[in-house]
Amino acid sequence: MEMNSVSLKSRVSNVEYIKKRGKDLFIFSKQIVVLDVRGLYHMKKELEKGVEKSDEMLYEAGRLSLMEIHESLVASLGDAAVTILSDRESALDMLVDALNNLGLGEISVLEFKPAIKFAVKHSAGAQDYVNRKEMSRHPVCYALAGMFAGVCEKLLQSPVICKETRCIACGNNACEFIMNTKKG
Amino acid sequence: MGMIDKNIKHEVIIEEGKTTIAGQRAMLLSVKTIATQQKELERLVGEKWGHVVYEAERKAIQEAALQIFGLKQLDSFTKGKTFDKKSMVDTLIGIFNCAGYGVLKLKKFDEAKPYVLVTMEKSTIPQEYEKRDSPVCFRVAGILAGGAEAVFMVPMKCKEKKCMSMGDSHCEFEITRR
C-alpha cells in the first residue's frame with residue numbers, strides 16, 4: 001500500500017517525517033504508537049511510589065529512543081546523509097523539526113554555542129502538572145532531557161549530559177535544557 | 001438515553017506541532033521506543049514493571065475517555081443521564097485502532113455483569129520481544145481497563161489471557177469488575 005504524507009513538511013529540508021499507511025503512522029519507516037500525555041504524569045507518580053532511580057530510567061529510555069530516531073533518519077536520507085548531517089546546526093534543526101512532530105511540546109534551539117540549549121513550550125512530560133495546578137520542586141522532563149542528550153551525542157559524536165534548568169512543572173514559563181560534555 | 005457524539009474524530013491529527021487523538025493531547029513514540037522503555041523498567045524493578053505501566057495507563061485513559069464522552073465527573077451517570085454503553089465501547093475501540101498497538105476486536109460484551117472480552121491482532125509491541133512465558137501488553141491492558149471504567153463507571157480490571165509474545169496467534173484481554 002502506498003504511503004501518504006500527513007501533510008507535514010520540514011521548514012529545513014522538506015523531509016516528510018510522519019507518514020500514514022492505512023490507519024498506522026510511521027516516522028522514518030518505524031511504526032509509531034499514540035500515547036495520551038497524561039500517561040507520563042501518572043507513570044511518574046507510579047514510579048515515585050518506590051522505584052529508585054526511575055528518573056535515570058526515563059532519561060536513558062529517552063536517550064536510546066533518540067538514537068533510534070537518528071539511525072532511522074540517516075537510513076532515510078541515504079547517500080545524502082553524510083552531506084546533510086555534516087553541517088551540525090542544520091542537522092540539529094532537522095532533528096528538532098522531527099521531534100516537533102511527535103507531540104512532545106514546541107521545541108526550539110535557544111543557543112548552539114558555547115553550549116547547546118533547548119527550550120520547550122507545553123512539554124508533554126510536565127503539562128499535566130500545570131493542568132492539575134500541581135507544583136513540583138524539581139524539573140520533571142527526564143525523558144525529554146534524555147532525548148536531547150541523544151540528539152547532541154549523535155551530533156557532537158561525544159557523550160553529553162543534559163540538565164533541565166527550568167520546567168513548567170516548577171512554575172516557569174517554559175522548560176529549558178542545557179548540554180554539558182560528559183567527563184571521564 | 002444520551003447520545004454519543006458521532007463526530008468524535010478517531011484518527012490522529014497533527015497540526016502545527018500539536019498532536020491529538022479524539023481531541024485529546026497525545027504524543028507519538030515508535031513501537032521500539034516503547035519496548036525499550038518497558039525493558040529498561042523491567043531491568044530496574046523486575047516483575048513490578050507491568051503494574052507500573054498498567055496503572056499509569058489505566059488512570060490516564062480513564063480521564064481521557066471521560067473527556068471524550070464529555071463527562072467531567074465520575075458521577076455523571078447518576079444525574080439522570082445514561083448512555084448506550086455498547087456504542088461507547090465501539091467508539092473507544094475505533095479510537096484505539098488508530099493508535100498503532102494492533103487491531104482490537106470485540107468478542108463478548110455483557111453490560112449487566114459488566115464483562116468484555118476483546119482480541120488484538122497484529123499486536124505491535126510483542127513483536128519487539130523475544131518469545132517469553134509471560135505477557136507484555138500491560139500498557140494495552142491498562143488502556144482497556146481505564147476505558148472500561150469510563151464506560152461502566154465502576155472500578156474495572158483487565159487481564160491479558162493470551163499474548164503474541166508467548167507464541168499465541170493474537171493477544172486476548174478479559175475486562176471484568178475490580
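In the predicted model, strand β6 (residues 156-162) of chain B runs antiparallel to β7(B), joined by six bridges. Strands are DSSP runs of E with at least two residues; helices are runs of H or I with at least four; both are numbered from the N terminus. Two strands count as paired if DSSP finds at least two bridges between them. B:K157 has B:T176 in β7(B) as its bridge partner. Strand β7 (residues 171-177) of chain B is also joined to strand β5 (residues 115-121) of chain B by six bridges, again antiparallel. Here B:V116 stands opposite B:I175. In a regular strand, side chains alternate between the two faces of the sheet.

Chain B holds seven strands and four helices. Their order along the sequence is β-β-β-α-α-α-β-β-α-β-β. The chain has 178 residues, of which 57% are buried (under 20% relative accessible area, with exposed over 50% and partly exposed in between; 1.4 Å probe, protein chains only). Among contacts (heavy atoms within 4.5 Å) in chain B with a separation of 6 or more, 58% link residues 24 or more positions apart. The accessible surface of chain B is about 8,300 Å², with 49% on carbon and sulfur atoms. Areas follow the Shrake-Rupley method with a 1.4 Å probe; for residues, only the protein chains shown count as cover.

Chain A contributes 46 residues to the contact and chain B 43 residues. Together the two chains bury about 3,900 Å², 64% of it on carbon and sulfur atoms. A:V33, A:V34 and A:L35 supply 18% of the area that chain A buries against chain B, more than any other three residues. Buried area is the accessible area (1.4 Å probe) that two parts lose on being put together, summed over both.

Three salt bridges cross the interface of chain A and chain B. The criterion is a side-chain nitrogen of Lys or Arg within 4 Å of a carboxyl oxygen of Asp or Glu. One of them pairs B:K59 with A:E46, the closest N and O atoms being 2.7 Å apart.

A:E68 lies in helix α2 (residues 54-77) of chain A. A:E68 is buried but has no salt bridge. The nearest side chain of opposite charge, A:K30, is 4.9 Å away (Lys and Arg count as positive, Asp and Glu as negative; His and chain ends are not counted). Leaving out residues up to four places away in sequence, A:E68 touches A:K30, B:S30, B:K32 and B:T33.

Residues are numbered from 1 along each chain as its sequence is written, chains are lettered from A and ligands numbered from 1 in the order in which they are written. Local features need pLDDT of at least 70 and side-chain atom pairs pLDDT 80 or more, whereas totals for chains, interfaces and linings use all residues; side-chain values use heavy atoms, without hydrogens and water.
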